[in-house]
Every structure is written in structure tokens, then in C-alpha cells.
Amino acid sequence: EGLAPLRRAAWRGTIELVALPDAPAADSGGRGPAADARRAVILAPEGRRLEYPVAALRATGWEVEILPRDQPLRGAPRLLVIGGSMTILRDSPEFAAVRAGATILFDGRVGARIQGEPMWDGFLAADSIAGTLRFADGPRLAGAAGRAVRPVPGKATVLAAWDDGEPAAVAWHEGRGCVVYLATQVDAGEMVLDPAYPRVLDRLAHGCSSPDGHGGDDAPLDAGARAVLAGAGARTVAAGAARAGGGVALGRWMMAAALLVALAETFLAYGRKKPA
């Protein structure tokens, strides 16, 4: 209860709140970024269906479209999954989408990269087990097959590691978007049967930020958050003030009991004294 006066005594400054317009609703009818916020496009060579990534992304709420490599990219997807040995040119619509805010996900397939950027090459045998991918913010995925052994670019952040600590997934910002490399094939091995597979793909799809929005997203605060900061919105209740049943604080009873015990002991001690 004394924290608020202490805070005011230590810092009497103010915070300026700049009112920015609220972001449009995700179900708006426009074709802006909000309309494509959960749209994923898988660029796959002819003959590859990538059923497991498609099913996993759809299970976590993504609208998925498989697009042959020779077809032009339409709209502004939030996620691009490169399902083959493709080099994304810097003057391509795919690279423009990343610069505008999309996440592009490359797996460890040989030759998959952005023009001029390093790629993760070098696989073990196709049926080898590379181990478990462990993410710092929670998910873990066992049973990946194959393993890329390329050094991590200096500008990259490690998203996941193998059991031995070697990087298994890295990411870095590209414009407003994110480039993600996974050091194994996204649809190979036993990991596609792991219950964590959809959640891990969703984590990779969010790239440089966590799925819960606490990983560096710089979107403006909405009206509710601004109201809380301005003191006009819902107030949080201090942990010490929330008491089930509305009873009296236990600490007061304990203090009163201790005081009564002390008085009783003093009275009894004086009562046992005999005159000399």
C-alpha cells in the first residue's frame, strides 16, 4: 500500500500519451495488412503438396494457399513458406512482401535462400534423426530428419536449438518483415506426427516476434491500453487488496493476538513475583 506514495516521491514526472488511430479489425473487408494477417502462401515446386505443413498451419488458424513457383504472388500474405530449392530474388514480389511485413520461412533444403544471403546447406542422411528442436519461449519438437550445418549469420537471432546446443532455427529482420531459416526440412521426419508440430510451425510463422505479441511487436497501443495508462480505464487490483469473501486481513488478527499474549505474559510474570 505504500508503494504508490514512494513512487510519487521518487519520480514526479509525467508520461505523454500520443493518441494514434486504432488498427483496423482483423475481419475488416479491406485488402490491407489486417485482412491478410493470417494468410499463408506456400511456394512449392510442381509435384510437392506439403500436406503436413498445410494441415498444421490451418490447425492454428492460418488460411493457407499452395502456389506453384511459376505463378505470380497475389495480395499481401503474412507468411511465405519456401517448399523447395528456391532463390528469392531481391526484385521479386516475394521479397517485396517480406520488406512490407511478411515472414518468409526457408527450411534446410539445399539452395533455398534470398539472393545474396547465406543459406543453410549440408544434410545428414535423409532418414537420420536430427534430434529435438527446443525453443526459448516454450515449444519443443522431436523427430526432425536431416540437419543443416551452415554457420549462423551474424545479424540473426537464434529461435531454437538442437539438444547439443547447435542452432536449429534463426531469424533476422528484413525491412518490416522477417527472414526465418529452419535447419531441417519442414515436412520430413517424425516431427510431423508430434502434437507440438502445429504450434512450432505457428511459432516459426511469427518469425521475429512471439505469437503472444510480446516479442518486439511495435504496433501502437489500442484505445483500451491508452485509457489504462491515462488513468481513465480499468485499474488493476493490488495483490494484497484482493481477499476472497471480503474478510478482515489476517495480519491484523495476528498482531492483536501477539499483543494480547505479550500483555498476558507480562501480567503473569509480575503476579509470580513474591515480596522480599
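Which strand holds Thr 103? Select residues 103-106: this is strand E5, and Thr 103 is found in it. Strands (E, at least two residues) and helices (H or I, at least four) are DSSP runs, numbered from the N terminus.

The model is predicted: local features need pLDDT of at least 70 and side-chain atom pairs pLDDT 80 or more, while totals for chains, interfaces and linings use all residues. Residues are numbered from 1 along each chain as its sequence is written, and side-chain values use heavy atoms, with hydrogens and water left out.

Stay on Thr 103. Its relative accessibility is 1%, so Thr 103 counts as buried (under 20% relative accessible area, 1.4 Å probe, protein chains only). Show Arg 78 next: its side chain and that of Thr 103 are joined by a polar contact of 2.8 Å (a pair of N or O atoms within 3.5 Å, one able to donate a hydrogen and the other to accept it; residues adjacent in sequence count only if both atoms are side-chain atoms). Leaving out residues up to four places away in sequence, Thr 103 also touches Leu 204, Ala 205 and Gly 207, among others (heavy atoms within 4.5 Å).

Now select helix H4, residues 197-205. Seven of its nine residues are buried, so H4 is largely enclosed by the rest of the structure; among the buried ones are Tyr 197, Leu 201 and Leu 204. Gly 207, which follows H4, has a positive phi near 60°.

Finally, select Leu 57. Beyond its neighbours within four places in sequence, its contacts are Ala 40, Trp 62, Val 64, Leu 79, Val 81 and Leu 201.

Key
Buried < 20%, exposed > 50% of the residue type's maximum accessible area, 1.4 Å probe, protein only.
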